[in-house]
Amino acid sequence: MAHLVEKMVRAEGTKASWHRLEDVMPEGATLQEWQTGSGLAHTVEKTPVIYADSDGGAHLSEDKFVLYRSDTKKLLSVVGPDYNVVQPIVLFEFFADLIKHYGFIMDTAGCLAGGRRVWVLARTGNTFAVDKKNDLVKEYVLFATSYDGTLATTAKHTSVRVVCNNTLNLSTRDGAGVRVVHSKAFDPALVKLELGLMHDDWTRFKYQASILHDIALSDELANRWYAELLAEKADMSDEDVAAFQTSRVLKDLMTVYKQGPGAESTLWGAVQGVTGLCDNWRGRTPDTRLNSAWFGAGAAMKKAAWDKAVLSL
């Protein structure tokens with residue numbers, strides 16, 4: 001099933017996304033205008049399932065509920081009684097005090113799969129240059145939730161390479177970020193507190209990224225590194241590496257790696273090659289690439305590349 005980008009907006013003055021499916025929000029737009037512009041000015045309603053028996057009688061389910069959009073009345077999913085809905089407005093309210101008191105700036109917002117997954121992305125204002133010249137990295141906070149059970153309510157630090165508008169998970173360990181399953185109540189204050197305690201991740205990431213950029217790679221070494229990543233094992237024999245030479249994914253990785261601006265022929269560039277492939281190339285349509293890059297197989301592959309690179313330090 002294609003996970004369509006139903007609606008998305010980005011801040012004026014920011015680089016267009018790779019899928020180019022978004023509208024632009026003017027500078028100074030309010031959070032309410034952001035909510036409306038991103039197609040999230042609705043609520044998600046929860047009502048008991050009513051079913052018909054073979055004789056035509058109607059019955060009310062005691063443990064099954066339908067989630068549907070208040071604007072289109074479109075069904076989003078069928079859930080249990082303990083499913084806690086985080087309304088779209090909560091995503092924007094989450095950033096209100098961060099914008100007012102800490103200088104956060106709205107960057108993107110939107111919904112996927114007919115509104116089954118929604119997100120807001122804001123810039124924190126923290127930046128650094130990996131190569132001290134033109135490979136600029138910015139820190140963002142992503143807040144997302146789902147209405148079909150496929151994604152826990154999630155807040156996490158991410159980084160974006162401005163030169164190619166790719167995202168990379170800042171986490172270097174499983175479970176990083178704050179994830180609240182839908183069977184539990186979402187407390188924004190507690191989530192912000194935990195994100196604050198995690199802010200050392202940004203300092204660690206800057207240090208690790210700078211070191212990765214100083215590690216030079218020949219095309220031969222990059223080819224072996226990608227083959228090991230695909231095979232999920234290290235210390236490969238020459239025969240093992242040769243077996244991957246016909247891999248279409250490996251060839252695509254090497255192509256993106258060589259074309260990556262600002263970080264060619266380095267271990268940092270190799271990691272960014274995986275990011276570029278997952279975010280820009282893989283997937284049949286731009287919207288499936290977006291879904292995979294943030295939430296699916298693409299996100300897992302990017303994390304595996306980051307973990308492999310950091311373990312070599």
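Biologist: Let's start with helix α5. How many residues does α5 have, and how far does it reach from its first C-alpha to its last?

Modeller: This is a predicted model, and in it α5 covers residues 219-231, which is 13 residues. The helix reaches 18 Å, close to the 18 Å expected at 1.5 Å a residue.

Biologist: Which residues of α5 are buried?

Modeller: Ala222, Asn223, Trp225, Tyr226, Ala227, Glu228 and Leu229.

Biologist: Now the rings. How is a pair of aromatic rings described?

Modeller: You give the distance of the centres and the angle of the planes. A search of the whole structure turns up five aromatic pairs here. Take Phe94 and Phe95: their centres are 5.2 Å apart with 85 degrees between the planes, an edge-to-face pair.

Biologist: Why do Phe94 and Phe95 count as buried?

Modeller: The cut-off for buried is under 20% relative accessible area. Phe94 counts as buried because its relative accessibility is 2%, and Phe95 because its value is 0%.

Biologist: Which residues do ring pairs link into a cluster?

Modeller: Phe94, Phe95, Phe143 and Phe186.

Biologist: And charges over rings: what sits over the ring of Phe65, and what lies over the face of Phe94?

Modeller: Over Phe65 it's the charged end of Lys46, 5.3 Å from the ring centre. Over Phe94 it's Lys192, at 5.1 Å from the ring centre.

Terms used: Residues are numbered from 1 along each chain as its sequence is written. This is a predicted model: local features need pLDDT of at least 70, side-chain atom pairs count only at pLDDT 80 or more; totals for chains, interfaces and linings use all residues. Side-chain values use heavy atoms; hydrogens and water are left out. Helices (H or I, at least four residues) and strands (E, at least two) are DSSP runs, numbered from the N terminus. The expected span of a helix is 1.5 Å times one less than its number of residues. Buried means under 20% relative accessible area, exposed over 50%, partly exposed in between (1.4 Å probe, protein chains only). Rings of Phe, Tyr and Trp (its six-membered ring) pair if their centres lie within 6.5 Å; planes under 30 degrees apart count as stacked, over 60 as edge-to-face and the rest as tilted. A charge sits over a ring if NZ of Lys or CZ of Arg is within 6 Å of the ring centre and within 35 degrees of the ring normal.
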